[in-house]
Amino acid sequence: MIMANEDSTIRKKDLHDRFAAVGLQPKAEIDGESDVTLCPSKSAKKKAKKKAAAARKASGVEHDEGLAPAGTNDHGAHSPEANGATPGDSRGMSKKKSKSKESTKKVQTDPPEVPVAQLFPRGIFPEGEWQSYQNDQRWRETSEEKRVQARLQNHMINEARQAAEVHRQVRQYMRSIIKPGISMTYMCETLEDTVRMLIQAKGLEAGIAFPTGCSLNHIAAHWTPNAGDKTVLQYDDVMKLDFGTHINGHIVDSAFTVAFNPKYDPLLNAVKAATNAGIQQAGVDARLGDVGAAIQEVMESYEIELEGKTHQVKSIRNLCGHSIDAYQIHGGKSVPTVKGGEQGVRMEEGEFFAIETFGSTGKGYVHEDLECSHYMKNFGVGHVPLRLPKAKQLLGVIDRNFGTLAFCKRYLDRLGESKYQMALKSLCDNGVVSPCPPLCDQRGSYVAQFEHTFYLHPHKKEVLSRGDDY
């Protein structure tokens, strides 16, 4: 060890005295001498902070804690002045940070290719349209118990909201490309591919809830093109575009009508108004028959003139709305669209419903017709012995890819299945799968449709599929 001589001891004491006079203390000693790197004492730091705070207060400007006044902060980052702000202004840095966040925030492309989940990175999806219940149930809105119960359902309802947001974005895009002359097959495949992309389709966890319905004119529902179909949309057609999305079996079922010729506007207006009337009437403890009566009253108050003949718009009496269960598009309850039906059945808290109404210039009654394209495995069907090996194999494909969700022949084609007609017929004959053929009014008539999915919360109802378009 090297001993310090007398001169160095005096110099050391002298330095200590000088440091103490200005509130500093030596950081370390090297070889018996104080290091020239000095640091403030704790008391000096406190005094410096107080003086800086007093100075900022006197100037009328407050900085974030720890922000250095001269060009850099304690971490060496540039101060607001260095970012182009005026001296004493801390907003320059915050503006730069906010601009940086905005520039990295994802927005939807055109055509849409960004999954909806990436547009909402926090995983909280837009709410639908809230509506109050009827007067006798209005107390629910101020009930703290009901509001707590509603919050307990947030995870489940958030998945349905995600499916609804996908539905809104897909139909917004489809409205921009649907024009007279478009191939129906191309239109459906474009819509379905867009759904798969935006919802990040993954087996039975997320994807398409049922085949795209694009029924034309007198065909009310359940028509989609099979392989080889050459149908093209015409200017004078009335097309019902009905498609569904789901997350973990929470289905959003919504439909609207496309008509290019304005002469059909009264028909579309009648059906849209009737659907909204049904939603308004719906609620906890509402009688399904009362909902049907409200729909029919509004629907049949409209008239439309076609080819010099006036038609009363008729509510199709054998087509209904329905409750929706997990992975089951048609739950156990039917919502009539005319008065007189289902008088003893009521809606209940915690249920999903799809209110869909069909207005027709024809008889107001549909029948099965044309080639079948829609199929659906029966919900709750047990083991059924199948003699045909191809039927067993096809059932495995259906179970893995669709479960109890509806599918169509195009979907089987897409999976690489071929020569499955006999196997599919065997599944239908044995009651494992049900065919859902097109439903038609009389030829020469026109049918329009509008549909929304809503949920009956403990305190209010939420129209999940509501958008700016309808």
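**Before you start**

This is a predicted model, where local features need pLDDT of at least 70, side-chain atom pairs count only at pLDDT 80 or more, and totals for chains, interfaces and linings use all residues. Residues are numbered from 1 along each chain as its sequence is written, and side-chain values use heavy atoms, with hydrogens and water left out.

**Stop 1: the largest pocket**

Select Ala221, His222, His330, Glu356 and Leu439. Of the 31 lining residues of the largest pocket, these are the closest to its centre. The pocket holds about 580 Å³ of space.

Some terms for this stop. A pocket is found on a 1 Å grid over the protein atoms alone: it is an open set of points where a 1.4 Å probe fits, with protein on both sides within 12 Å along at least five of seven lines. Lining residues have an atom within 4 Å of a point. The volume is the space filled by probe spheres set on the points, which are joined across faces, edges and corners.

Now colour the lining by type. It divides into 14 nonpolar, 10 polar and 7 charged residues. Here Ala, Val, Leu, Ile, Met, Phe, Trp, Tyr, Cys and Pro count as nonpolar, Asp, Glu, Lys and Arg as charged, and the others, Gly among them, as polar.

Which element gives the largest share of the lining? Strand β6 does, with 4 residues. Other elements that give two or more residues include β8 (238-247), β15 (352-360) and β21 (447-456). Strands (E, at least two residues) and helices (H or I, at least four) are DSSP runs, numbered from the N terminus.

**Stop 2: β6 and β8**

Select 206-216, which is β6. Buried or exposed? 11 of the 11 residues of β6 are buried, so the rest of the structure largely encloses this strand. Buried means under 20% relative accessible area, exposed over 50%, and partly exposed in between (1.4 Å probe, protein chains only).

β6 and β8 pair in the antiparallel sense over 8 bridges; strands count as paired if DSSP finds at least two bridges between them. Ala206 has Ile247 of β8 as its bridge partner. Ile208 stands opposite Thr245.

Pick Ser215 in β6. Its relative accessible area is 1%, so Ser215 is buried.

**Stop 3: the hairpin**

Val238 has Ala259 as its bridge partner in β9. The two strands form a hairpin with 2 residues between them. Click Asn248 in the turn: its phi is positive, about 50°.

**Stop 4**

Show β7, β20 and β16. These 3 strands form an open antiparallel sheet in the order β7-β20-β16. β7 and β16 (367-368) are the edge strands, each pairing on one side only. In β20, Leu439 is the bridge partner of Glu368.

**Stop 5: the cysteines**

How many disulfides does the structure hold? It holds 0; a disulfide is a pair of cysteine sulfur atoms within 2.5 Å. For Cys214, the nearest cysteine sulfur is that of Cys188, 3.5 Å away. Cys214 is buried at a relative accessible area of 0%. The sulfur of Cys436 is 6.5 Å from the closest one, in Cys372, too far for a bond. Cys436 is buried too, at 18%.

**Stop 6: helix α8**

Select 265-281. The 17 residues of α8 should span 24 Å, and the end C-alpha atoms are 24 Å apart, which agrees. The expected span is 1.5 Å times one less than the number of residues. Buried residues of α8 include Leu267, Val271, Ala274 and Ile279.

**Stop 7: a loop residue**

Finish on Val381, in the loop between β17 and α10 (389-401). At 28% relative accessibility, Val381 counts as partly exposed. Val432 is 51 residues from Val381 in sequence, and their C-alpha atoms are 6.5 Å apart.
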